[in-house]
Structure formats: C-alpha cells, structure tokens
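Keep the 3D view open as you read.

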Amino acid sequence: MAEASGRNITGARLRLGAELEQIAEQLRSLAQAQDQLHDLYEAVLSRDVELSVVLRLIVATAMELVGARYGALGVLDEKGEYLAQFVPVGLSDQERADLADVELPRGRGLLGRLISQPVPLRVDDISVHPDSVGFPPGHPPMRTLLGAAISIRGHVYGNLYVSERRDGQPFDAHDEVLIIALAGAAGLAIDDARLYEQTHADAEQFQRLLLPRLPDLRPFDAAAVYCPATTPGHLGGDWYDALLVPDQACVAVIGDVVGHDLQAAAAMAQTRNMLRALLYGRRTSPSAVLAQLDRTLHAITDNPVTTACLARIEPEGQAWTLRWSNAGHPPPLLLTPDHRVRYLHADPDLPLGVDVTLPRHDHTYPLPDNATVIFFTDGLIEHPRRPVEMGLERLAAILLAHADQPLGELCQILADHHPSDGRDDMAILALRTPTGHARSKPAEQRTRPRATGLPARAGATECSGQGSDRSGDCLHHPGDLVGQVSDPRQPLTG
C-alpha cells in the first residue's frame, strides 16, 4: 500500500511538472507575442510603412504567433457586408499561379460567418462545418481555421484569419487568445496608419493647391511636372512659375525651399507670390529681382533658406537670349534643335535667406528658335549613393534619348525615369522658344494669359502654349537609363 501511495505521489509530481512546463511555455509564448505586438505597433508609429504594408505585417505576425502556414486579412466594404480587400500571406509562387484566374474572396461561407457574427471562430475541420462552401479550383488544401474580427472605434474593419498549424495540430484555446490579442492591437495600428495616410493626403492636397497652373505662354511652348516626395511625412518646398511680361519676354523661375513640412510649403507659396509681384510690369534683370526678393523676405518673413533660378527669354533680333541668375540652384539644361545638350553652368550666388549684402549676378546665353530650356530641382538628380555629377549626366542622357518627344511628354519622361532615389519631391519646368513665324506675330494679336482655376494635379504633366494639354500620373521608376553624356560641363554634344 505504501508502495502504491509512493507511485501516486510520483505520478502526481510528474503531472504537475508537465503542467508547470506547459504553463511556462505559454508564458514564454505570451512574452514573445507581447514583443511581436510591440514591434508591430512600433513599425506603424515609425511612419515608415504604408497601410498596405501594415496589413501584411499584421498577417505575418499572426502566422508567426501561432505557427500557421497560411494567413489573410479581409477588409470590409463601407457597408460592412462584403470583403472589399483581401490580403493573403504564405502562398507559394506555384499556389499563387494556380489561383491567378480566381477572384479574391468576397466573404461567403466561413468568412461570411465572421462578417455576420464578428466573434472568434475556431474550426478543426473546415470540410464538415455547416457554413463551409468549399474552395475554388487550384486553392491549396486547408483543414483548420482560426479567425477574429478587427474593430476600429467600435466598428468592424475586417477579419484576421490563420490556417494550418505547421505542426499539423488544430488550433487550440491558447492560439485563440493570441489571435484575439493581435486583432485588438491590429485595430489600433490600422487606425493609426489610416489617420497618418489621411493627414499626409490632406497635406499633399494643400501643397498641390499652392502650385500654379501655367498660363497661356504663346508663342512660347511650356510644360511642367511636379511629383510629391515619396518619403512618408515629407512635404516639399519645390515650386515653379512662368509668365509673359509686357516687353515680349517670357519669365521662368524654379525654386526649392529648405525643409519638408507645412512651413516649407507655406514659405514656397509666399515666396512665389512675392516674386510674381516683383516681376510683372517691369523690365528688370533677374539678379536685381532676386536681390530685391531676398531683401523683402529678410525684412518681413522668417522663411527658410531657398534656392532659385530666375530666367528671362528675351527677343534678340532674329533669335533669343536667355538671361538668368542662379541662387544656389542646379543649372538650366539646354536642348538645341539639332539634338545637342549642355548644362548652362555659371558660378551660382548664395541661396535666398543667407546674406542680403552680397551682390547677385546675371548670365546670358544665345538661343536659336525651337530651343528647349529645362529647369529642375535637385530632387530629380540627387541620390545618396551617387555623386551629383552622375545624376546630371544621366538626366542629360535621358533628355538626349527622347529629344523628339513633345514638350509635355518629354517632361513626363524625365520625371518617370529620374536618376535620383525618388525620396524627395521634384519639379520640372520646360520652355521652348518660338519659331520665326510665331515670333513675328504682333504682340497685340497674341492671346493674353488666361486666368485659371485649380492648379495642376500633383504628379501630373501640365502644358501651355503651342502644344496641347496633357496630364498623367507621375510614376517613379529608377533604373537603367538610356544614353550617356561624358561630362555635363563640356560644350554642346550630339
């Protein structure tokens, strides 16, 4: 009897030890889950990820927490009746190929049950569940399912699913606790990411409204492109403007206010408006105008440092003269009618907002008919792993390779294939001199610049003058660039 009692005590101790080990394992699992949830939320708070990336990160975290092979997140439509978006994770390339022609789930069967009854759902055998409707052809076999609703501010946003534990076991109560906890944290992360995206979109809209629409610049041809910064949270201070002045010259300016916030965007608008007031109605050299602008900004604002290039294209006999002043800005890029390119390098003066006592200088260069001058900001050429000279060379090569394109399409090509890293905003302004026939047209017969409403949409091409209007999305595709220019400081090359 004593021996039997000893065996019972030993057995009890073994069972207790196993249970304690199981509890310890669960505690380690919960600690790991807490760390992963913390990492998930930190990733969102860092502002370095978009909402689509956050959704995939949530699914990947859920799969890792419970050791699942597959996972997905379904986002409900506005009425909360169907799945408007479905984010699957874990499918192999072959499995994705097998499902290429299959529509994403809309929320039928078990997924529909989670929509109509947003409570945790744990299924050991999908095939025998009364709500199961089976899988489409090509779908990988799945036996188990664990799902939970994701709620934001009291409303169901979507559902989180995992399927098939890697150890072959069905999901248990511990897995369910982890997924419910993750769904709660996911709601906070998604809400924060959505709020950030909305704030960023509103800020971009504000910046877009500050940019001008090019007026009718005939007989000159003109086009412009602006692309917002791709870095999350960055607003740019890039800006451009162009107008005809009474002495038959076309004035163009491009600039970049230091900073990537609302202050930079507001300073950009303030500087541009001041400059336009100083330009119109007076035949003053670009250097004198920039000097006056610098003094004015210094006296009545606390605007950040600004780089700018101000230019006039003036009639000169049967040709044209480009007269410009450079306040610490990248040089203009010239394309001649015979397809030769060169940068109009000149020693730049200091940017605006540095020292108003130092003199500013003008530079001139003769232009033939049908010559194209490209003004741009440094966001188009700068790359942290390459020297600026390489960016200049690549930009000139792109221009040379597409020299036959209409001006609006040419600007869009330069923006699409820019040699920079694409993280900063970028602006391009292009002017083309008239032909002899257009130049000889009496000034009083030209169409006056028309007043316009909303400015051009950010990330779109804007055309004015002899070319037709065209607009299209500005896409960033860094990569191999066509053509090669050996040295942008060399004379004209073909």
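Strand β8 (residues 250-257) and strand β9 (residues 306-316) run antiparallel, joined by eight bridges. Strands here are DSSP runs of E with at least two residues, while helices are runs of H or I with at least four residues; both are numbered from the N terminus. Two strands count as paired if DSSP finds at least two bridges between them. Strands of a sheet pair through backbone hydrogen bonds, either parallel or antiparallel. For one example, take V253: its bridge partner in β9 is L310.

Before going on, note that this is a predicted model, in which local features need pLDDT of at least 70 and side-chain atom pairs count only at pLDDT 80 or more, while totals for chains, interfaces and linings use all residues. Residues are numbered from 1 along each chain as its sequence is written, and side-chain values use heavy atoms, with hydrogens and water left out.

Now widen the view. β8 and β9 belong to an open sheet of five strands, ordered β7-β8-β9-β10-β13, with antiparallel pairing. Which strands stand at the edges? They are β7 (238-244) and β13 (363-367); each has a single partner strand, so one side of each is left without a neighbour in the sheet. Neighbouring strands are turned by 15° against each other on average, direction ignored. Helix α7 (residues 286-300) packs on this sheet and touches β9 and β10 (319-327). Contact means heavy atoms within 4.5 Å. The direction of α7 makes about 30° with that of β10. Axes are lines fitted to C-alpha atoms, for helices over the stretch in contact, and angles run from 0 to 180 degrees between N-to-C directions.

Turn to another sheet. It is open, has five strands in the order β2-β1-β5-β4-β3, and pairs in the antiparallel sense. Its edge strands are β2 (83-89) and β3 (121-123), each pairing on one side only. The twist averages 15° from one strand to the next. Helix α2 (residues 51-66) packs on this sheet, touching β1 (68-76), β2 and β5. Inside the sheet, β4 (residues 145-152) and β5 (residues 155-165) pair over seven bridges. A149 has N159 in β5 as its bridge partner.

Last, look at the rings. The structure holds three aromatic pairs (rings of Phe, Tyr and Trp, the latter by its six-membered ring, with centres within 6.5 Å). One of them joins F86 and Y161, 6.1 Å centre to centre, with 35° between the planes. That makes the pair tilted; planes under 30 degrees apart count as stacked, over 60 as edge-to-face and the rest as tilted. F86 sits in β2 and Y161 in β5, 75 residues apart.
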